Amino acid sequence: MEPRDDMPPAAAASSSQHTPAADVQRRHNEGHGRRLTAAFEALEAFPALAESRNRLLRVVRQERVSTGEVVAAVESDVALVISVLRLGNQVEGKTRGKVESVVQAVELLSPEAVQALATRARTFDFFERSSVWDAAPERFRLHGVATQRAADRLATEAGYEYRDRLMVTALLHDIGKLVLMHAYPGYPGQVHGNARTPEERIHRERRELGVDHALVGGVLARRWGLPKAVASVIERHHADDAQGEAAFVRLADMLAHYSQGGAVSPTELLKCARTIGLGPSELRSVMYDLPYPTTGRTRQIDPCPLSGRELEVLKRLAEGKVYKQIALELSLSTSTVRTHLHNIYGKLGAVDRAQAVLIATERGWL
């Protein structure tokens, strides 16, 4: 019996038992390779959520463009992150092929370049589905953002240094699933079957397809010209011996499934948490916090225009202290404190102390 094109490699192998083994294996590998290559090419047209694209355009068209706002708009969408990172890594110079975060890419690219990229981006609307991707982009985005949020919470808990890059690897960790979804119509339903946890699903992929979405995702990231540090984390985020950032993403992925009502292995959760230096009490705290709005410290992306002394004055103002208290603590005269506050308001474009504190807090300077 001839293997069908839509069969996963393992299923196709069992249907061709009457063909010489070497010939069967060769045909399977060739067919497998063609399907994956076609899927890699199809991902070039993966769309951004229309609302994400429109939000980014609003931000870059402002009179005063905030790097932090641009980064936040880009990081909310898988397709936008991919496009901005690919463009950033193509810029000639010392950074070519070394841009690991959206922050780096946005700082490297002009607002006009980001605007042109967003204008050209293909989009989808959840209420107007295309026959090509159906609801896959939205399902993928929701899990990616949930994993990104869990990773950010873990980074805060563990004091992880490379938070900007982690926002990228957490969002893109499952890009290999999009490849397999396009290559095999039976993916994920038929391939995963009754597998419940992430570990069970990855084992089913390896058994049925001969590859898994993590490996395929790493290959795709390299094809896109993303740095090795990003591709490697995507590739290893389901490895039993995952270390460093791959372990952060693996744990964040499990926590995202947990927060969305999916099954996870308590043993694997704790094992992975210990790999990044978190014990049961810290992990319980993270799991408890996930359903609630993020309260972690805002990332400082935009450069702070305030001097060190001005920042010290503003910090005390945020604590509710009056001029005399601030002057006493900093060994300054009251008139000098007033001068500093006048300069702070001017640099931040604030009209009063409340607005100055709010702006500085939102930008991550306090």
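This is a short walk through a few local features of one predicted model.

I'll start with a helix pair. Two packed helices are described by the angle between their axes and the distance between the axes. Here the pair is H8, residues 136–158, and H15, residues 244–259. Their axes come within 8 Å and cross at roughly 120°. Angles of 65 to 115 degrees count as roughly perpendicular and those over 145 as roughly antiparallel, so H8 and H15 are oblique to each other. The crossing of H8 past H15 is right-handed. On the H8 side the contact residues include His143, Ala146, Ala150 and Leu154; on the H15 side they include Phe248, Leu251, Asp253 and His257. Sorted by class, that contact has 12 nonpolar, 3 polar and 1 charged residues.

Next, H12, which covers residues 198–209. From first C-alpha to last, this 12-residue helix reaches 16 Å, close to the 16 Å expected at 1.5 Å a residue. Which residues of H12 are buried? They are Pro198, Glu199, Arg201, Ile202, Arg204, Glu205, Glu208 and Leu209. After H12 comes Gly210, with a positive phi near 85°.

Now the backbone exceptions. Most residues other than glycine have a negative phi, and most peptide bonds are trans. Ser331 is not a glycine, yet its phi is positive, about 55°. Ser331 sits in the loop between H19 and H20, and is exposed, at 65% relative accessible area. The Tyr187 to Pro188 peptide bond is cis, with omega near 5°. Where is Pro188 found? In the loop between helix H10, 175–183, and helix H11, 189–192.

Notes
Residues numbered from 1 in each chain as written. Predicted model: local features only at pLDDT ≥ 70, side-chain atom pairs only at ≥ 80, totals over all residues. Heavy atoms only, no water. Helix = DSSP H or I, 4+ residues; strand = E, 2+ residues; numbered from the N terminus. Expected span 1.5 Å × (residues − 1). Buried < 20%, exposed > 50% of the residue type's maximum accessible area, 1.4 Å probe, protein only. Axes fitted to C-alpha atoms, helices over the stretch in contact; angles between N-to-C directions. Parallel < 35°, antiparallel > 145°, perpendicular 65-115°, else oblique. Left-handed = near helix turned anticlockwise from the far one by under 90°. Contact = heavy atoms within 4.5 Å. Nonpolar A, V, L, I, M, F, W, Y, C, P; charged D, E, K, R; others polar.
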